[in-house]
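Biologist: Please take me through this structure feature by feature, giving the general idea before each case.

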Amino acid sequence: MGNYLNKIIALFLIFSFLGLFLIFSLFWYFSNDLPDFGFLKTYKPPVSTKVYDIDGDVIADFSRERRSFVKIDQVPKRVINAFLSAEDKNFYEHPGIDAIGITRAVIKNVQNIISGNRLEGASTITQQVAKNFLLTSDVSLARKVKEAILAFRIEKVLSKKRILELYLNEIYLGERSYGIASASMTYFDKSIKDINNAEAALLASLPKAPSKYNPYRNFNTVKGRKDWVLKRMQDNGFISKEELQKSLNYKIKLKKRDLNIDTSPAFFVEEVRKNLIDQYGDKKLYRQGLFVKTSLNKKIQEVTSSALKKNIILYSKRHGWTGPLYKNYTREKFNQIKKNEKLKSRDFNLALVENIDQNKAKIFTDTDKEGIILFENTKWAKKRITQDLHEGFPKNMEDIFNVGDVIYVKKLKKTNLWSLEQIPKANGAAVVMNPWSGRVLALSGGFDFNLNQFNRVTQAERQPGSAFKPFVYAVALENNYKPNSVVLDAPFVIYQNKDEYKWKPKNYSGRFNGKQLFRYGIEKSNNLMTVRIANDIGLNKINNKAKQLGIYKNTANILSSSLGSGETTLLQITSAYGSFVNGGKKLEPTLIDLIQDREGKTIYKNEKLFCLGCNDSFANEKPPSVEDRYERVFNEDVSYQMVNILKGVVERGTGKKLKKLKLELAGKTGTTNDNLDAWFIGFTPELLVGVYVGFDEPSTLGKKETGSKAALPIFYDIMKELKPNNFIPFFKPPETVKFAKISSKTGRKLSKDQRNSINESFKLDTNIDSYNSNQILREY
């Protein structure tokens, strides 16, 4: 008996030794080439970059994942207890792996192997940290051994609090949410500190299978696991029986977080995103949680976007109905396309025409609602042949569309009534800036960002046409011209491009007006006067100034360039107009005021405006002063003279539709050959606004679609909404300018006010009644 017992003991020792040797060998084998986990000491999970407007409201959130970081000391005990009960109740006792849990899992997995089921794990929270940060998610013996080794090592280096902090901030909880803080907002729209036991238990239910237990899709399934977690919390002594019952009875209300992010600044936001990527790279933007303060003014942005959309729609309807998107569709076929993102508009709905009579049409919309279009809401829909040719206005519904047509519609205030709409073929852009700082306050690069992301403020290079003329006249004022100089408006012929061809420009009206005042060339946008002036002062001076202002990079050295035949963007030429308003300084547009990293360290600050003395204590008699750091391109007297001349565009010229606003306004229309592009650049003493309208694929806007008709109304609507209620600022003349009353016909100085007099601005040393040479008066 003794010998038998000794044999058993010997065998047990041998097998124990072999087992220990095997375990030691496995650990030794898998210990080689394990990933370094030292970075976990200082690891900070990726967090989103948030972009703010000038009022501190979020306008964008850039991230690949929904994630927010919360320190372990800020996590409520009930949340920690819920996760410990669900995932690792012995977390504070084990050294990284739970022997009891592993034994239970081994027995269970033997049964799984026999039955062909998926193997189960017995991972502790520490093991999950090792897996999430350092290993793959494959279910294999090798990975489990590595996971255990790493768990042991992590426990020796990191505190339990740090391990738990890493776990709770890194764990995936479904709906693109990583970490408990993000998940709490995703499922309850609450901060993690505000959730109760039931809600904490629901979050703790998710790590096991985020897709299977997704509460938005499978609430009953997750409810069962949530109740199980609550019971485990009671078993572990974390909550009382009364708290358990209360939590089981609590009806969880799911609510997705509503960021309430306005869509009107989509083009602005995209421009900011591209700037950030160019400057800091993709990784920093999407993972390192930048704080980005922009210059966007929400009210101005909303007004700008609304004015642009309204007037592009009006333009589109002026030129008739382009027809349905699709024909001969059934409801079944319509249902297949109604979710197509490429067709979705923020302003209109898709609809299928299902029945027609003379006075109304029955439709089925992409919101699965039936509605009615009355004929009175379609009367604009004359059939378009070209931009200037139409078949006449419709007489009944059958003249417009047929059953099976897919169209765009808009809900009217009256119940169940809709209007016929269409996505404009033409497009446009508008930008609003501070003319003193260059800060972009609003930017709308097109009709609908959802349909087309091409930014016509920054990306569309177009001929500015007459919108370029003020810079020709400004250079002329620098070269001995005066606002009352006399210039000939008469035929002009010259050979261009090394005498290759003869160029004979003409005025838009086709008429000639003889001798005219210098300012008349801007007010009436006269081509022949502009060409004469440019020819007299020399193209090199004009082209150098345009390059200095950033309007053009390179310009052809031909006289037609004085009429705006080069190509520029709306942002570039609008910025250049700022030099008139701000006393002659070159304006560099900026969208970002401040960038800070996740630690609050400032990594960028707009230094173009520098505050002298802002960081010092000061007495009332010596307040801080703001110094701009922009390059001077015009003298103050010349810039103000141009402001005064451009005011004439509003008072007497191509912009006189703006007079009814009764504001201190100045600006210039622009129209290119064949009416391909329409512009209006205008300003008050405080705001600078640029507007462009045209087709992305160059095509005529129509015979009468000038800058005054197509672009100026957008500027008008913006200014109408932003018009100050009381104080209306005025353009302040510099001390280097004097004023005199002159005749609008002859330019001669007047001794008193007369009907056709102009209060003209002159440089201090100007002899008002002297005239330029006859160089600009002779015929060519």
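Modeller: A crossing is called left-handed if the near helix is turned anticlockwise from the far one by less than a right angle, and right-handed if it is turned clockwise. Helices (H or I, at least four residues) and strands (E, at least two) are DSSP runs, numbered from the N terminus. This is a predicted model, in which local features need pLDDT of at least 70 and side-chain atom pairs count only at pLDDT 80 or more, while totals for chains, interfaces and linings use all residues. Residues are numbered from 1 along each chain as its sequence is written, and side-chain values use heavy atoms, with hydrogens and water left out.

Biologist: At what angle do helix H15 and helix H19 pack, and in which crossing does H15 pass H19?

Modeller: Axes are lines fitted to C-alpha atoms, for helices over the stretch in contact, and angles run from 0 to 180 degrees between N-to-C directions. Here H15 and H19 (residues 570-581) pack at about 35°, their axes being 11 Å apart, and H15 passes H19 in a left-handed crossing. Contact (heavy atoms within 4.5 Å) is made by Pro470, Phe471 and Ala474 on the H15 side, and by Ile573, Ala576, Tyr577 and Phe580 on the H19 side. By class (Ala, Val, Leu, Ile, Met, Phe, Trp, Tyr, Cys and Pro nonpolar; Asp, Glu, Lys and Arg charged; the others, Gly among them, polar), this contact has seven nonpolar residues, with no polar and no charged ones.

Biologist: How do H15 and H17 pack, and which residues of each make the contact?

Modeller: H15 (residues 469-478) packs with H17 (residues 527-537) at an angle of about 45°, and their axes are 10 Å apart. The two are therefore oblique to each other, given that angles under 35 degrees count as roughly parallel, over 145 as roughly antiparallel, 65 to 115 as roughly perpendicular and the rest as oblique. The crossing in which H15 passes H17 is left-handed. H15 gives Lys469, Val472, Tyr473, Val475 and Ala476 to the contact, and H17 gives Asn527, Met529, Thr530, Ile533, Ala534 and Ile537. Eight nonpolar, two polar and one charged residues make up this contact by class.

Biologist: In which crossing does H2 pass H8?

Modeller: H2 passes H8 in a right-handed crossing. The axes of H2 (residues 77-87) and H8 (residues 197-205) come within 8 Å and cross at roughly 40°, and these helices are therefore oblique to each other. On H2 the residues are Arg78, Val79, Ala82, Phe83, Ala86 and Glu87, which meet Asn197, Ala200, Ala201, Leu203 and Ala204 in H8. They divide into eight nonpolar, one polar and two charged.

Biologist: What is the volume of the second largest pocket, and which residues are the closest to its centre?

Modeller: On a 1 Å grid over the protein atoms alone, a cavity is a set of points where a 1.4 Å probe fits but cannot get out, and a pocket is an open set with protein on both sides within 12 Å along at least five of seven lines; lining residues have an atom within 4 Å of a point. Grid points are joined across faces, edges and corners, and a volume is the space filled by probe spheres set on the points. The second largest pocket has a volume of about 1,200 Å³. It is lined by 41 residues, of which Asn507, Tyr508, Ser509, Ser525 and Asn527 are the closest to its centre. Strand S21 (666-671) and helix H21 (707-722) are the elements that give two or more residues to this lining, and S21 has the largest share, with three residues. The lining divides into five nonpolar, 26 polar and ten charged residues.

Biologist: Which residues line the largest cavity?

Modeller: The largest cavity is lined by Pro46, Val47, Ser48, Ser63, Arg64, Glu65, Arg67, Tyr286 and Arg287. About 60 Å³ of space lies in this cavity.
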